[in-house]
Amino acid sequence: MRTLLNIIWLLFGGVWLALGYVVAGIVCCILIVTIPFGIASFRIAGYALWPFGRTVVDKPTSGAWSTIGNVIWLLVAGIWLAISHVLTSIPMFLSIIGIPLGIANLKMIPVSLLPLGKDIVPVDARYQAYTPPAGQYPQNPQYPTR
């Protein structure tokens with residue numbers, strides 16, 4: 001089912017959305033200082049190209065620099081990207097087959113607002129990839145030991 005939804009997504013806007021993120025990533029990489037934003041744009045482009053079956057998780061190793069970068073990103077591009085995702089999801093919600101596409105479009109808003117310090121992983125692997133090593137957090141039941 002995920003593959004079918006991804007193919008429909010590609011036909012009805014996923015390619016154009018991903019292409020926009022790729023162009024933004026190229027521009028950011030050309031400007032040298034904004035290379036971290038370019039890398040984040042490329043990561044979001046891959047997510048925009050094939051969103052079903054993937055999710056966004058926080059990177060446990062991100063620090064203060066990603067927070068500072070996210071504030072700059074939010075002011076420069078994040079708000080406009082979030083508005084564009086909302087506006088493009090409205091026509092998708094108008095048809096029955098477009099409802100999952102509209103939901104996927106709205107699901108991209110958090111990563112388009114604050115992309116630094118995030119990682120995009122398969123839905124099945126989100127808990128496996130971010131479980132800390134055994135004994136690292138013994139006092140917190142949220143982090144089970146292996």
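**The second largest pocket**

A: Let us begin with the lining of the second largest pocket, to which H1, H2 and H3 each supply at least two residues. Please keep in mind that this is a predicted model.

Q: How much space lies in the second largest pocket?

A: The second largest pocket holds about 260 Å³ of space. It is lined by 18 residues, and those closest to its centre are Ala24, Cys28, Ser41, Trp73 and Ala77.

Q: And by class, which residues does the lining have?

A: The lining of the second largest pocket has 13 nonpolar residues and five polar ones, with no charged residues.

Q: How does one look for empty space in general?

A: A probe the size of a water molecule is rolled over the atoms, and this shows where empty space is left.

Q: New topic: how many aromatic pairs does the structure hold?

A: There are two aromatic pairs in the structure. One of them is formed by Trp9 and Phe52, with 6.4 Å from centre to centre and 85 degrees between the planes, and it is edge-to-face.

Q: Where in the chain do Trp9 and Phe52 lie?

A: Trp9 belongs to helix H1, which covers residues 2-30, while Phe52 sits in the loop between helix H2 (35-49) and strand E1 (54-58). The pair therefore ties together parts that are 43 residues apart in sequence.

Q: Are these two residues buried or exposed?

A: Trp9 and Phe52 are both buried.

Q: What about the rings of Phe37 and Trp73?

A: The ring centres of Phe37 and Trp73 are 5.7 Å apart, and their planes are at 35 degrees, so this pair is tilted. It links distant parts of the chain, since Phe37 is in helix H2 and Trp73 is in helix H3 (residues 64-93), 36 residues apart. Phe37 and Trp73 are both buried.

Q: Moving on to helix H4: which of its residues are buried?

A: Helix H4 runs over residues 99-107, and its buried residues are Leu101, Gly102, Ala104 and Asn105. They are on the same side of H4, because they cover an arc of only 160 degrees around the axis.

Q: What covers the buried residues of H4?

A: The cover includes H1, H3 and helix H5 (109-113).

Q: Could you stay with H3 for a moment? Is Ile90 buried or partly exposed?

A: Ile90, which has its place in helix H3, is partly exposed, with a relative accessible area of 45%. From C-alpha to C-alpha, Ile90 and Leu106 are 9.7 Å apart in space, and they are 16 residues apart in sequence.

Q: And where is Asp119 found?

A: Asp119 is in strand E2, which covers residues 118-122. It is partly exposed, with a relative accessible area of 22%. Asp119 and Arg43 are 76 residues apart in sequence, yet 8.2 Å apart in space, C-alpha to C-alpha.

Q: Lastly, the whole protein: how many helices and strands does it come to?

A: The secondary structure comes to six helices and two strands. From the N terminus on, the order of the elements is α-α-β-α-α-α-β-α.

Q: What share of the residues counts as buried?

A: Of the 146 residues, 32% count as buried. As for contacts between residues at least 6 apart in sequence, 70% of them join residues at least 24 apart.

Methods: Residues are numbered from 1 along each chain as its sequence is written. This is a predicted model: local features need pLDDT of at least 70, side-chain atom pairs count only at pLDDT 80 or more; totals for chains, interfaces and linings use all residues. Side-chain values use heavy atoms; hydrogens and water are left out. Rings of Phe, Tyr and Trp (its six-membered ring) pair if their centres lie within 6.5 Å; planes under 30 degrees apart count as stacked, over 60 as edge-to-face and the rest as tilted. Helices (H or I, at least four residues) and strands (E, at least two) are DSSP runs, numbered from the N terminus. Buried means under 20% relative accessible area, exposed over 50%, partly exposed in between (1.4 Å probe, protein chains only). On a 1 Å grid over the protein atoms alone, a cavity is a set of points where a 1.4 Å probe fits but cannot get out, and a pocket is an open set with protein on both sides within 12 Å along at least five of seven lines; lining residues have an atom within 4 Å of a point. Grid points are joined across faces, edges and corners, and a volume is the space filled by probe spheres set on the points. Ala, Val, Leu, Ile, Met, Phe, Trp, Tyr, Cys and Pro count as nonpolar, Asp, Glu, Lys and Arg as charged, and the others, Gly among them, as polar. The arc is that of the directions from the helix axis to the C-beta atoms. Contact means heavy atoms within 4.5 Å.
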